[in-house]
Amino acid sequence: MTEKTEKKQTSRISPIFKRAISHLFHKPATTKYPSVKPVLPPDTRGKLVYEIKDCNAIDFGSGPDFRLDIKVMRGSICHVCERDCPAGAITIVEVDGKQRPQINLNKCIFCCQCVDSCPRGAIKQSDIYELAVTDKASLIMKPKYSQKDASQ
Amino acid sequence: MLEADEKTGLTTITGLDLGTNIGVYYHVRTSKSFFTIKAEVPKENPRLKTLIDIHPGALFHELECADLMGAIFEGNELNGHFILSENWPNGIYPLRKDIDLSQVKLVPTPEHETNKSAEGREVKIIIGPQHPALLEPEKFSVTVDGETVTKVEPRIGYVHRGIEKSAESHTYLQNTYLVERVCGICNPCHAYTFVATVEKILKLEVPERARYLRVIALELNRLHSHLLVFGHAGLEIGYEAVFQYFWRDREPIMDLIELTSGNRVFGSLMTVGGIRRDINQEHIPKIKAVINDLQSKLPFYRKIYTDEPTLRLRMKDVGILSREDALKLSVVGPIARASGVDIDVRKDRPYEVYNEIPFKEIVYTDGDTWARMNVRMDELEESLNILDYALDHMPAGPIRIEAPRTVPIGEAVSTIEAPRGELLYYVRSNGTDIPERVKIRTPTLANIPSFLKTAIGESIADVPSNFVSLDPCFSCTDR
């Protein structure tokens, strides 16, 4: 076999071969979840958090408003989150004689449109993402006053 | 007109319920313009002449219109169903307004088609709906003579979710998130095209910064989609190392999407009147670092897809689509550009700020699987350059403007260049906050006919590598 044909044969070895061998001595690209939790970027759209004491908007504030047609909303009950939710995850229930949203995280698609829509910022996004449960009903967030709110 | 301009192609056919009439709108693109030819036929007797004898690319669009809207194209009659399931009752066309879908009762009918000997030497091999080579459910009945494919019959619609119908009962705001779920891979493209179409009806002028941010979101999407198909092609060919490397390097792009939007997959960035999130100035160096890192890895990846002996053997001269066929079947995106047809919506009919950003249109003339993958490889580089340019030239200012929730009576069409090709949205509004009709034409639906053509006469072993070079997305196809 001449030198030339040998050279031709070596060039037929895949360029990926050398790379693959070298990776035996590299750190793996995968992460060690769940023992090491990933660092999430700010503004991650995770589980929704609802503050009942901020809810029920009448005062729409001033300035440009992307969130709603004020004409439609005139009246005491706002319902914007229910109206805007694309997944139908928000239903209005009665709490202490007042109407409040109940968020069903089983249906939530985490678009956070309700966060944008809420005129009083009562619904917020959080970076909680570990939502696996064995009981589906525990993902329905019932609006209720905490003891701290009640004492105020 | 077909003779006068060889790049004339039928993008899609929209079926519309206009009360007593059925509207059949032909969306036509030429090398310079884009227009709609409107036809109306009475509902009792919705008969039209087929176009397939002068333009074979109309085949799937006519069948879809026939299945969902009940128009009859003489010469291209529908046997059974095209997108709807086989047990869907005949004579009920779901996109018509006078249909009560709650009355439709489906009876399960098991399919009995199996691998079997046809007459003589030919054998029918069923690929799908559940098959290791196809990651999504779709069926291709391949007839083979020995090892050679003689016929391919597709059956699509296994993941038909009726999103077009569902959009007729949601508000424009909700639809932005609904259409995003047409496809997991190219979701910003769907959301953007819908939003852009609504903005056309509203005659809204979007702020300059939002236009740049939209381009950034769309190009990040193109990057991750192309890197996905490079890996996926390796997997189909049986080269798992290629798959692992490309998907490892796709991960930083996914992290960038998460950084800029808040979610790895569904960005939910687009909204009528602008974009929902701004890119923080502090994050720009981080984004640029990822871009530079990927740019430094590109020569190695280009070497894999041009010179790697295994991939070359499996891709070179496989599934050759000639330029004439590509024009006749009006294929779009990288498949058309690999066959020497220079169509790219970003260049032909620029949207957002693509006319301000310098980039090259990639055209190969080989027309085989190898060329289709290399078109994407070159586009990867162009996308990185576009991102770099957009991040540098992004002006300051507001990112969204106030948009009304009710849309005046009107209609509009938008097309964009999604990673897989030309994506079309047609929206018709009736003056309320709910659209009357939303038509989605996805690129894969236009590209499947090319596979039916190129697979014939080739080995059955080349079917996977040929097919994956279309970058098929069936969630898009079926909607």
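1. Start with A:Met141, which counts as partly exposed, having 18 C-beta neighbours inside 10 Å. Since this is a predicted model, take that as a computed value like the rest of this note. A:Met141 sits in strand β5 (residues 140–141) of chain A. Leaving out neighbours within four places in sequence, A:Met141 is in contact with A:Tyr50, A:Gln102, A:Ile103 and A:Leu105. A:Val93 is 48 residues from A:Met141 in sequence, and the C-alpha atoms of the two are 11 Å apart.

2. You'll find A:Lys107 in the loop between β3 (98–104) and α5 (113–117) of chain A. A:Lys107 also comes out as partly exposed, this time with 14 C-beta neighbours inside 10 Å. Setting aside residues within four places in sequence, A:Lys107 is in contact with A:Ala87, A:Gly88 and A:Ala89. For A:Ala87, 20 residues away along the chain, the C-alpha separation from A:Lys107 is 6.3 Å.

3. Now chain A as a whole. Chain A has six helices and five strands, and reading from the N terminus they go α-α-β-α-α-β-β-α-β-β-α. Of its 152 residues, 17% count as buried. If you take the contacts in chain A between residues at least 6 apart in sequence, 67% of them join residues at least 24 apart.

4. Chain B, overall. There are 15 helices and 14 strands in chain B. Its radius of gyration is 22 Å, close to the 23 Å from the globule rule for 479 residues, so chain B is as compact as a globular protein of that length. The C-alpha trace of chain B spans about 65 × 60 × 45 Å along its principal axes. Buried residues account for 48% of the 479 in chain B. Of the chain B contacts with a separation of 6 or more, 64% are between residues 24 or more positions apart.

5. On domains, the assignment for chain B gives domain 1 (9–103), domain 2 (116–155) and domain 3 (163–478). The centres of domain 1 and domain 2 of chain B, taken over C-alpha atoms, are separated by 28 Å.

6. How far does the predictor trust this? Chain B has a mean pLDDT of 84, with 96% of its residues at 70 or more. Confidence in chain B is lowest in strand β6 (residues 116–117), where the mean is 59, and highest in helix α4 (residues 187–202), at 90. For the complex, the predictor gives an ipTM of 0.75 and a pTM of 0.86.

7. That brings us to α4(B). Its 16 residues reach 23 Å from first C-alpha to last, close to the 22 Å expected at 1.5 Å a residue. Why call α4(B) largely enclosed by the rest of the structure? Because 12 of the 16 residues of α4(B) are buried. Those buried residues include B:Asn187, B:His190, B:Tyr192, B:Phe194 and B:Val198. The buried residues of α4(B) pack against α3, α5 (208–237), β10 (270–271), β12 (410–418) and β13 (421–429) of chain B. After α4(B) comes B:Lys203, with a positive phi near 55 degrees.

8. Next, α6(B). This helix has 22 residues and reaches 31 Å between its first and last C-alpha, close to the 32 Å expected at 1.5 Å a residue. Among its buried residues are B:Val242, B:Tyr245, B:Phe246, B:Asp249, B:Ile253, B:Leu256 and B:Ile257. As a reminder, an α-helix has 3.6 residues a turn, so residues three or four places apart point the same way. The packing partners of the buried residues of α6(B) come from both chains: α2 (15–22) of chain A, together with α5 and α7 of chain B. B:Gly262 follows α6(B), and its phi is positive, near 105 degrees.

9. Last, the interface. 25 residues of chain B are in contact with 21 residues of chain A. On the chain B side, α3 (172–180), α6 (240–261), α7 (284–307) and α8 (309–315) each supply at least two residues. Which of these helices gives the most to the side of chain B that touches chain A? α6(B) does, with five residues. By class, the side of chain B that touches chain A has 10 charged, nine nonpolar and six polar residues.

Methods:
Residues are numbered from 1 along each chain as its sequence is written. Chains are lettered from A and ligands numbered from 1 in the order in which they are written. This is a predicted model: local features need pLDDT of at least 70, side-chain atom pairs count only at pLDDT 80 or more; totals for chains, interfaces and linings use all residues. Two residues are in contact if their C-beta atoms, placed from the backbone, lie within 7 Å. Helices (H or I, at least four residues) and strands (E, at least two) are DSSP runs, numbered from the N terminus. Ala, Val, Leu, Ile, Met, Phe, Trp, Tyr, Cys and Pro count as nonpolar, Asp, Glu, Lys and Arg as charged, and the others, Gly among them, as polar. pLDDT is the predictor's confidence in each residue, from 0 to 100. Domain bounds come from an automatic or database domain assignment. The expected span of a helix is 1.5 Å times one less than its number of residues. A residue is buried if 20 or more other C-beta atoms lie within 10 Å of its own, exposed if 12 or fewer, and partly exposed in between; C-beta atoms are placed from the backbone. The radius of gyration is taken over C-alpha atoms; the globule rule is 2.2 Å times the number of residues to the power 0.38.
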